[in-house]
There are 2 protein chains.
Amino acid sequence: MNHTILLNNRPAGKPQLSDFALITEEQPQIQSGEILLRTSYVSVDPYLRGRMSDAKSYVPPFELNKPISSGIIAEVMESNNADFSKGDYVSGMLEWKEFQKSNGTGLTKVDTTSIPQSAYLGVLGMTGLTAYLGLTEIGKPQKGETIVVSGAAGAVGSIVGQIAKILGCRVVGIAGTDEKVEMLKSEFGFDAAINYNTTTNMTEAIAAACPDGVDVYFDNVGGEISDAVLFNINKFARMIICGAISVYNETSIPQSISVQPFLVKNSALMQGFIVSNYATKFPEAVKQLATWLQEGKLTYTETVVEGFDQIPQAFIDLFEGKNKGKMVVKI
Amino acid sequence: MNHTILLNNRPAGKPQLSDFALITEEQPQIQSGEILLRTSYVSVDPYLRGRMSDAKSYVPPFELNKPISSGIIAEVMESNNADFSKGDYVSGMLEWKEFQKSNGTGLTKVDTTSIPQSAYLGVLGMTGLTAYLGLTEIGKPQKGETIVVSGAAGAVGSIVGQIAKILGCRVVGIAGTDEKVEMLKSEFGFDAAINYNTTTNMTEAIAAACPDGVDVYFDNVGGEISDAVLFNINKFARMIICGAISVYNETSIPQSISVQPFLVKNSALMQGFIVSNYATKFPEAVKQLATWLQEGKLTYTETVVEGFDQIPQAFIDLFEGKNKGKMVVKI
């Protein structure tokens, strides 16, 4: 028998376990041209929250009572497709199922002999691409500039900070626990890090950590933390709006300070970033990330949860900041 | 005798007449290399409000008890400078004085025989340059796209809309009276216009006026009007943040909806625009604007107030929306 996780309810505010349903179904049977896949790693990401609502967005919403999908690494168990062999590992957007079939469209074969499977969901996957392309395409950091990263201990943030260091910038991270703050400095080489949960005045703390002001802000969180950064931006600052995890679960329209006067005063730029818009740049970006990884200039942390039935809880835990680095579920 | 207008107080909220002082002083005497100027037209502009506060901004604040300066057209009355002759007219950033002397730095001679003096403060001056360069450099409008302009009946907005029409866009203006709305459509060729003072649901009104959504938003006002536009933006929308007149007089930090989730969902861009950052493009831009003006493709409206002592009131009236098009004071 096979297991699948469906969207049972559209979450109202913070997602709950009851928003998901684990069902049992028949094993899929493959036809000519198809392959049978067994899921080995599942990526859980904050952006999936958006797809659980039915609001208009950049990707269509998940359908109720249908399987949720996300980035997945899977092993080919049977193949009726000449492009894939039994034992191959593939990466792609797949459904939250233990077993599923595919005709191979959208799947990429991955080398799991020299690189761990989960890296393809993280530093060499959407996470790393988001960090690299968001930072370089919108942030355009120059050597000697100061970069602030929120959600800095998260999957994207920790890579953003390391890349900015490689590019010669001063890097300041914002995270939610002393342990994360310590990790940013000791493991990822951030110049400074701020625990927003123990800091009473974030505006002043950012000013202290950024004596030359903020040139680039990689924003994963939105809300009050981002407001505090605005008070510290320099002329011509670039703000990459990559996510707004602080407001994804709000049921009313979130309010904050008006950004427009800050943008005018500083001739500053704020741009929403969706990695899929930059698909033509993926091959070059993955090559650069893999080079840095092999040179030891880039490292990553992941939080691995085990068990197919733990996928919903792992996803929910993202919004409590329980992950360090990329959150994946090992099946 | 000569008259000068000084900054008497930094305005708290909306500027008042008591924030300005009219004083009488001696006529200036020119030395070698200097010219004596008699002011003929004074530009009053919303951005001057920012310079009356002492907050950090893109231009230094005005000093208390010192003359205010803005764009001025003046006639050369006497000249000890080989570059200027008696009877020349010049344009430049000058002080609010009936008479003043200058060594000529920063002044541009203007042809007042074929073009009215005040046009150099408007359509061929900072106003026209702001409209043209903000729209083209940040907005990058494409033929067939939809553009919304707030403060549309103002000096900048009315030119933005006309340029967008020349470029083949659908143009929707937002203004504050039925008379202005009518003028936008009949005089400036806007496709639609909305009176925000008589419209109960701006979000719906914008949706109705923009059946294909909003691709470019030229924002002169900020606040609730801009919030309503956000609900209607298309993927890859560009928002030129040119001014925020709705909040210039607020004494606390203005709040509004969080823009970040809208930017992420739509891969949209919001950028502060200050015309002085684009100085290298002024000659080409003025040439294009003058061509359109002479071809009759571009027209302009101005509100002319008469009398040197009326400058402060004309400035204050900007925040009540009493001007149509460029507000100037004729001396």
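**View 1. Chain B meets chain A.** Here 36 residues of chain B are in contact with 36 residues of chain A, contact meaning heavy atoms within 4.5 Å. This is a predicted model, where local features need pLDDT of at least 70, side-chain atom pairs count only at pLDDT 80 or more, and totals for chains, interfaces and linings use all residues. Residues are numbered from 1 along each chain as its sequence is written, chains are lettered from A in the order in which they are written, and side-chain values use heavy atoms, with hydrogens and water left out.

**View 2. What the two chains bury.** Chain B and chain A bury about 3100 Å² between them, with 57% coming from carbon and sulfur atoms; buried area is the accessible area (1.4 Å probe) that two parts lose on being put together, summed over both. Look for B:Gln260, B:Val264 and B:Lys265: they supply 20% of what chain B buries against chain A, more than any other three residues.

**View 3. Two domains in chain A.** An automatic or database assignment sets the domain bounds, giving domain 1 (2–122 + 301–330) and domain 2 (126–276) in chain A. Their C-alpha centres lie 28 Å apart. Domain 1 brings 18 residues to the contact and domain 2 brings 16 residues. Together they bury about 1300 Å², 58% of it on carbon and sulfur atoms.

**View 4. A salt bridge in chain A.** The rule finds one salt bridge across the interface of domain 1 and domain 2 of chain A. Zoom in on A:Glu179 and A:Lys324, which form a salt bridge with their closest N and O atoms 2.8 Å apart.

**View 5. Inside the nonpolar cores.** A nonpolar core is a set of buried Ala, Val, Leu, Ile, Met, Phe, Trp, Tyr and Cys residues joined through side-chain atoms within 4.5 Å, and buried means under 20% relative accessible area (1.4 Å probe, protein chains only). The largest one has 100 residues, and A:Leu133, A:Leu135, A:Ile163, B:Leu133, B:Leu135 and B:Ile163 touch the most other members. A second, separate core has 58 residues, including A:Met202 and B:Ile274.

Methods. Buried means under 20% relative accessible area, exposed over 50%, partly exposed in between (1.4 Å probe, protein chains only). A salt bridge is a side-chain nitrogen of Lys or Arg within 4 Å of a carboxyl oxygen of Asp or Glu.
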